[in-house]
Amino acid sequence: MTAGSALVTGALGDTGKAICQQLLTDGWEVVVSDILPEEEGAGFVQQLWPTGAATYRHLNVQDAESCLAVVNSIPDLRAYVGNAGIGRPQPFASMDDETLRRQFDVNVSGNVCLARVAAESMRSSSADCSIAFTVSWVGDRPWPELVAYAATKAALHMATRSIALELASIGIRVNAVAPGIVNAGMARTEAERNPGHKQRAGAAVPLGRLQDPQDVAEVVAFLVSKRARNITGSVILVDGGCSLGSF
Ligand SMILES: NC(=O)c1ccc[n+]([C@@H]2O[C@H](COP(=O)([O-])OP(=O)(O)OC[C@H]3O[C@@H](n4cnc5c(N)ncnc54)[C@H](O)[C@@H]3O)[C@@H](O)[C@H]2O)c1
């Protein structure tokens, strides 16, 4: 028996892949979604997970119509993982409006609107259903050149708690994981762009090592599992202590 179907957005990014892998290991049927066109994404999924419990769907979280179509095509949807995200570091003084807006469109509006559609599909289920977002430690602690990105993650953090309150009465749990600096994905892109990033990032983690995507994936998988059946409105930091600050 499977755990049900899980939809993951931004699922072909580094963190997304680890989340999908962990969910598959835990017995979920996983709908792997990302912005790559259908055929290209399906090719990656076939290579990564040839056994068949993972299927690919093209899904841009900014496109409300395709969000609805994808969600409505999934039988027995029990978990939605809103992991899609973009980060565009810019010094505040030269930050441009379009870059600011795009980060809010994807990170907040896209993930939240899709959550509403997913919750509607879960409403009549008698199974444990839940939503998990990927937020960030910088939603709570400033980091240079991340004014817009950090604000989007703070917004998604609060959306998590607000949605959790409204959906509790129909039994849908809503939580988030807040990674620290992950040694992959957008943080790696930033390390390649900015030579000072690696040293700054290394010094920022009290436990002394950057996060692996797997560290994040295991917490997401826990939050959508029945083991978390009494957890809603929680945001779990997986940041090696970054948010504690350093001496
Ligand atoms: N890497 C880090 O250090 C770090 C730290 C904290 C939080 N996060 C968060 O983790 C999540 C995954 O990030 P990552 O580091 O794996 O980066 P990544 O760039 O590897 O993955 C992000 C994925 O989101 C997808 N995406 C972008 N726009 C989209 C859209 N409009 N619709 C659907 N998908 C879209 C991308 O195609 C990509 O596959 C993000 O939400 C990010 O903000 C990352």
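A residue counts as buried when its relative accessible area is under 20%. In this predicted model, Tyr80 has a relative accessible area of 0% and is therefore buried. Phe133 is buried too, at 0% relative accessibility. Trp137, at 4%, falls in the buried class, and Trp143 is also counted as buried, with a value of 16%.

## Aromatic pairs

The structure contains 2 aromatic pairs.

Trp137 and Trp143 make up another edge-to-face pair, with centres 5.5 Å apart and planes at 65°.

## Nonpolar cores

The largest nonpolar core comprises 32 residues. Tyr80 and Phe133 are among its members with the most contacts inside it, along with Leu7, Leu114, Met122 and Ile131. At least two residues of this core come from each of helix 3 (64-72), strand 4, helix 4 (97-122), strand 5, helix 5 (147-167) and strand 6 (172-179). Helix 4 gives the largest share, 7 residues.

Leaving aside residues up to four places away in sequence, Leu7 touches Tyr80 and Leu114, and its other contacts include Val31, Val70, Ile74 and Val81.

Definitions and conventions. Residues numbered from 1 in each chain as written. Predicted model: local features only at pLDDT ≥ 70, side-chain atom pairs only at ≥ 80, totals over all residues. Heavy atoms only, no water. Phe/Tyr/Trp six-rings, centres within 6.5 Å; stacked < 30°, edge-to-face > 60°. Buried < 20%, exposed > 50% of the residue type's maximum accessible area, 1.4 Å probe, protein only. Core = buried A, V, L, I, M, F, W, Y, C linked by side-chain atoms within 4.5 Å. Helix = DSSP H or I, 4+ residues; strand = E, 2+ residues; numbered from the N terminus. Contact = heavy atoms within 4.5 Å.
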